Amino acid sequence: MEAQTTRVAVAARAALGHAVGMAAELVIETEGLHKRYGAVSAVDGLDLNMQRGEVLSLLGPNGAGKTTTVEILEGYRKRDGGVARVLGEDPQRGGEAWRARRGVVLQSCEDVVDLTVLECVRHFSQFYPAPANPEDVIERVGLTAKKNARIRSLSGGQRRRLDVALGIVGQPELLFLDEPTTGFDPEARRSFWDLVRDLAREGASILLTTHYLDEAEALADRVAVINHGRLVETGPPDELGGRRDRQAKVSWLGPNGPEEEWTHEPTRLVMQLHASFGSEVPGLAVARPSLEDIYLELIGAPKLKEGSYE
Amino acid sequence: MSTTAVSESANGRVVVRPTAITISPARALVKASLARGYVEVLQFFRSRDAVVFTLALPVVLLALLASILSGHVQGTNVTYSQVYVTGLLAGGLASTSFLNLGVSITNERENGGLKRLAGTPMPRAAYFLGKVVVVLVTSVLEVAVLMVFGHFLYGVHFPTSLGRWWTFLWVTLLGGAAMTLVGIAASSIPKSARSAAAVLNLPFLVLEFISGVFVPYTQLSRTMLDIAGIFPLRWMAEGYRSALLPSFVQRSEIGHHWDHSEMALVMGIWCVVGLALAIKTFRWTDRREG
């Protein structure tokens, strides 16, 4: 798995960093972050760190404080308490030079509809000290065929890709992606994922907010689950909530129909099955809880018991 | 001097990127403002129906109003049609600056355009300078269209002296600036883009009415004119009269003469007030967002 090798590389690099006395650089650091709206604490003492080069996915139900947190980090909102540092600066004081170092891909908006794609990307590139070539950026998001089309005529998915183009045209070190693939068809999502992987490979740090757990699993080095304005748990997607050590469900087709068994030792069970069938076990499947199962458990959705998840 | 820096990121990806490229703030501002101005003007001309109707509105109003009220300003040979030309110059200018900006900025705030710009390193002032550019371009067009119609249909003379050209110019610039700044501030008043036109139209129409845009100033009560005197529009209309109508017309004004310093003072004060309000009230994001 690609994600797996990346994580091994992270671990190796971290160990190496320790050996040569190099501290891993944090692009995002928050401590006790607070934000209230009236009597409601949207963010309630959030501690969150993100390393340079990391793809971190922020997960949480609606109203968990994700959007507020991200907007504070992007510099759009002022916090009420706690510490926040983004690229070494306080985001609510970040000036133009700081803004040039991070890119923001917002949820789709409807402005500049009378410009063409190329005019729009070129326009936004003019605000950055070291922009990418607008035509290259359009190529990367797969809009080359539409570069001279009015934005008004683009489909929802194409507009979303334009949003992404505007977010990356400044060649940001840190990219905020807010639900980037909402409304994409499966093919568009795959090609968007490839784009995100490319950006990460080139060294961009990416904070991804998403509702799609498969997206987090496919892209993130690490996920952070937020609920009630706090960090609930963080870890690589396949280790979250002790996922690796959970019981596995082994299912197969027995002589009397489908059968299943929950076990900590699926390998042993499969070997037993193999021995008892004396040949290929029909309909054999071994499954661990999905990221979604773990996520739902972490945010306090009706508690899952071992052996009850699908 | 090296132009790139190589660093290693947490997960072992090697990052090559340009070292911080610094552009002087002044140059960045000029570049961004020109970019904004270009895009604003481009977008204005791209929505062709808006261009046609924006430019046509004062001309159509002029034709209607002039056809209703015939006759002369008492004791002069100046027709009410000619007075309407000056009034609609002021009204049209206020409309391209105050009303259009108030509505369009409310729109951009709601559809996320402002938020997106605020997220870029664009110097914030560039946004406003871009608005100034588009207001200038549309105002010049509108004034030109009205002047051509006024001249050929109603016999309004172009300014007859250098002094009158100067008056024409500064009334346009100072009045336009005041209404632009107030329009930027007013964009924070409507609760939504859908209500913006309705919310801003009522006070604007009342102001146009009492400032002598739709009804000649000679027909308005002293009280109305005094109230209108608090705001710049009445003085813009008077300024255009002083630039375009014969000098003896000034006897019909409530002050019985055209006092340029008073006009400039009121417009200037509104520039300052508008600027202060705009800075104080301007929001880059929609307040309804949680």
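**Exercise 1. Describe how α3(B) packs against α5(B) in this predicted model, beginning with the hand of the crossing.**

*Solution.* The crossing of these two helices, α3(B) and α5(B), is right-handed. Next, take the geometry: α3(B), covering residues 80–110, and α5(B), covering residues 124–154, pack at an angle of about 160°, and their axes are 10 Å apart. Angles over 145 degrees count as roughly antiparallel, and therefore α3(B) and α5(B) are roughly antiparallel to each other. Then turn to the residues: on the α3(B) side the contact includes V85(B), L88(B), L89(B) and G92(B), which meet a set in α5(B) that includes K131(B), V135(B), E142(B) and L146(B). Sorted by class, the contact of α3(B) with α5(B) holds nine nonpolar, eight polar and two charged residues.

**Exercise 2. Determine how α3(B) is oriented relative to α6(B), and which classes of residue form their contact.**

*Solution.* Start from the axes of α3(B) and α6(B), the latter spanning residues 162–186, which come within 8 Å and cross at roughly 25°. Because angles under 35 degrees count as roughly parallel, α3(B) is roughly parallel to α6(B). The hand of this crossing is right-handed. Among the residues making the contact are A90(B), A94(B), F98(B) and I105(B) of α3(B), together with G175(B), M179(B), G183(B) and I184(B) of α6(B). By class, the contact of α3(B) with α6(B) comprises 11 nonpolar and seven polar residues, with no charged ones.

**Exercise 3. State how chain A is divided and how far apart the C-alpha centres of its domains lie.**

*Solution.* Chain A is divided into domain 1, residues 2–235, and domain 2, residues 247–287. The C-alpha centres of domain 1 and domain 2 of chain A lie 42 Å apart.

Definitions and conventions: Residues numbered from 1 in each chain as written. Chains lettered and ligands numbered in written order. Predicted model: local features only at pLDDT ≥ 70, side-chain atom pairs only at ≥ 80, totals over all residues. Domains from an automatic or database assignment. Axes fitted to C-alpha atoms, helices over the stretch in contact; angles between N-to-C directions. Helix = DSSP H or I, 4+ residues; strand = E, 2+ residues; numbered from the N terminus. Parallel < 35°, antiparallel > 145°, perpendicular 65-115°, else oblique. Left-handed = near helix turned anticlockwise from the far one by under 90°. Contact = placed C-beta atoms within 7 Å. Nonpolar A, V, L, I, M, F, W, Y, C, P; charged D, E, K, R; others polar.
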